[in-house]
Amino acid sequence: MARVGGDRVKGGVPVAMAASGAAATVAAAAVPAAVTSAVRSRPMAWVVAPGTGVAARRAAATPPLLATIRPGRWVAAPLRLSRAARRAPAPSVAAPYRRRRQDVDAPVPVSMAASPSSPPTSGAGGAAAATVSDPLLEDVGGLGPSTGNRFAPRYWGRGLLGDVRRRAPLYASDWMDGFQLKALPATAFLYFACLAPVVAFGGLTSVLTNGAMGVVEFLVSASGCGMAYAALSGQPLVIIGPTGLTLAFTSALYGFCARAGIPFLATYAWVGIWTAAILAFLAFVNASDLIKYCTRFTDEVFNSLIACNFVFEASRSLAGGFSVAGVDKTRPFFSLALALGTFTLARTMSGLRSGKYLRKRVRTLLADFGPCLSIFAMSALAAIVPAIRAASLETLDIPAKMTLAGGRSWLVPLAGVPLSIKVSAVLPALLLTMLFFLDQNISVRCTNTPAHKLKKGPGYHLDLLVLAACTFVTSLLGLPWMCAATVQSLNHVRALATTEVVGGNVPKPSLAAATASTETAPSDAPVPAATPTEVSPERVQIKSVVESRVTGFAIHALIGASLFFLPLLRRIPLAVICGLFLFLGRNMMTGNQFLQRVKLLFLDPEMAPPNSPIKKVSPREVHGFTALQLVCLAALWALKVNPKTSLFFPSVIASLLAIRSLLARRLFSERALDVLDGELGVDEDDAPAPPPVPSSA
């Protein structure tokens, strides 16, 4: 029994709606007056019987209404139709709902034959096709319904609960599936691939924050947060670590604290605590559903900013050596040589993957370990060559044993700042939340792309909650913040993937077959010409991926074990780390179509390659779209490099979604947006740019 509007209704019986607008009837009960009134006041409605969830439709030519199903309740509410549903032929039965694993407590509607009194579904009086889409029941790719949203308070926590229900039954297999041979080389490769950025970011942060944080803090934070994320997150294939934009924000926050004369670590801790609280709230209210509106427009500008930041920080560090060297430029020149040598060697070894020399396994091994091998090689060169050794180049500022920077305690003195600073820290926390929200969800969405053929499902909201917990703990301890890293996550998926080569030559009828066919043909019949072999480009695609928590946990455990090798890490020259930053920045530019389209601004359209967008869309729209992205990137960069506004650059990143949804759709045609901002496949070799999802804007 259910109570709606004061009426008691017995559920479990299908309801039919008359075309004339008369009240729906049900055996042994009456439809509540509130529902009958709502249905009569609209041209079309869905009426839902409590208990069974059976929906009956009242036919009309105008847009229908959606019955939002709630257990044991009659409801009638507006329905938003998708574009495909409006174009489809009108059905004769009610379309069933799709049932998701995480919504086992929701009623499962069934198809119901049309009432004899219902009008025909074809012709002018037929109803538009409608697929009932209730955000309470439907969860497309872990990001809510394909249309509509789940931001109303009655839906809060449902996305998080759905992630837990989806992943909890698979938790044991997440660990057991990782105990296989394929996990060993993946763990070894990703350990070095993740260790290099951690050491690089730690060394550069020590310089930018005047020793407030260093390599030890980065190793501890990356290890602890990585193991916790691998054990608790909804998508354990994602690798979290230090990112370029987080480094930029931390540097800006330190500059602000230095100018204002307030303690950096205490302010840093309060900003992180507020950020963790906001991220946890966003995870609870299903805010990650918004990421489905993020398109390639945002991804390309976002990754371009990261790439430019890598190159800028490395170049600034190298140029600073020349400005303070005085007359003798020996040290800065040796530093520049080591940096360029590291960059060139890493690029060369990474390019072996698609080369022709050596065996494929050897090429792949050298390409995977290229960045770490280049660090070791150039560090050894600096230690062996007498002239470089005599120059006494600056090395990583790492203590001989595991102690925090300045010998401070593990807990940050939160009471070391006045109440006004504690409260006002929420303002930079809002900006950091924007940065973390986009960086985290774009990287997770990149990992969950359909091209990877993952089977166990995503967990966007659970991932965000785990990130909030990691941010809270690292803030209390004064450790660097960690976030999902796109490049390392893609490499993790690729290392655990089984691939196959598709495409290549498609054989056509050969000349011999054509000649044989002419032997039985009449003498006056024309001889068919031999059809050449049709060639299609070969490409590598993923067949399956080992979805496990073991590799991610082991990778970060090994990073923590690196703390026992601090004396070796102390010998790495800072110039080598700058060279690695140049490599990371250049690598982020690969596959970025926005940066590739910048070259089209100076290219003759007639000389463009056949697959260029300028061959599919008018040059005016291509250049206009590129110019809009350039303006967004310039605005981000202007805010970042200005010390007075550097804290506010995350707000412009968040505004990219609004610019794409509201402004770009008015300036460019649908055809241009489909070509320039459509779906982007993942390049399995080095695709650093996150693959977007279609925008519903």
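Helices here are DSSP runs of H or I with at least four residues, strands are runs of E with at least two, and both are numbered from the N terminus. On that basis the protein chain has 25 helices and 12 strands. This is a predicted model, in which local features need pLDDT of at least 70 and side-chain atom pairs count only at pLDDT 80 or more, while totals for chains, interfaces and linings use all residues. Residues are numbered from 1 along each chain as its sequence is written, and side-chain values use heavy atoms, with hydrogens and water left out.

I will start with the chain as a whole. For burial, the terms are buried for under 20% relative accessible area, exposed for over 50%, and partly exposed in between, with a 1.4 Å probe and protein chains only. Of the 697 residues in the protein chain, 51% are buried. Contact means heavy atoms within 4.5 Å. If we take contacts between residues at least 6 apart in sequence, 78% of them join residues at least 24 apart.

Next, the core. A nonpolar core is a set of buried Ala, Val, Leu, Ile, Met, Phe, Trp, Tyr and Cys residues joined through side-chain atoms within 4.5 Å. The largest one contains 149 residues, and the most contacts inside it belong to L219, F249, F264, F581 and I653. Helix α5, residues 183-208, supplies the largest share of this core, with 14 residues. In soluble globular proteins, nonpolar side chains tend to be buried together.

Take F249 as an example. Setting aside neighbours within four places in sequence, F249 has contacts that include V271, P428, L431, L432, L435 and W481. Towards the end of the chain, F249 also contacts L647, F649 and P650.

Now two helix pairs. Axes are lines fitted to C-alpha atoms, for helices over the stretch in contact, and angles run from 0 to 180 degrees between N-to-C directions. The axes of α5 and helix α21, residues 574-589, come within 10 Å and cross at roughly 115°. That crossing is left-handed, meaning that the near helix is turned anticlockwise from the far one by less than a right angle; clockwise would be right-handed. On the α5 side the contact involves A196, P197, V199, A200, F201, G203, L204 and V207, and on the α21 side L574, I577, L580 and F581. By class there are 11 nonpolar residues, 1 polar and no charged. Here Ala, Val, Leu, Ile, Met, Phe, Trp, Tyr, Cys and Pro count as nonpolar, Asp, Glu, Lys and Arg as charged, and the others, Gly among them, as polar.

The second pair is helix α7, residues 244-260, with helix α9, residues 296-324; they pack at about 65° with their axes 9 Å apart. This crossing is left-handed too. G244, L245 and A248 of α7 meet F302, L305, I306, N309 and F310 of α9. The residues of that contact divide into 6 nonpolar, 2 polar and no charged.

While we are on α9, T298 lies in that helix. T298 is buried, at 1% relative accessibility. Not counting residues up to four places away in sequence, T298 touches L656 and L657.

On to charges. A salt bridge is a side-chain nitrogen of Lys or Arg within 4 Å of a carboxyl oxygen of Asp or Glu, and the structure holds 11 of them. One joins R150 and D289, at 2.9 Å from N to O. R150 lies in the loop between α2 (83-87) and α3 (158-167) and D289 in the loop between α8 (264-284) and α9, so the pair ties together parts 139 residues apart in sequence. R150 and D289 are both buried.

Another joins D174 and R549, at 3.1 Å. D174 lies in helix α4 (residues 171-176) and R549 in the loop between β12 (534-545) and α19 (550-561), so this pair ties together parts 375 residues apart in sequence. D174 and R549 are buried. Both belong to a network of salt bridges linking R167, D174, D177, K456 and R549.

R296 and E300 are buried.

Last, backbone angles. Most residues other than glycine have a negative phi. L358, not a glycine, has a positive phi of about 70°. L358 is in the loop between α10 (330-350) and α11 (360-368), and is exposed at 52% relative accessible area.
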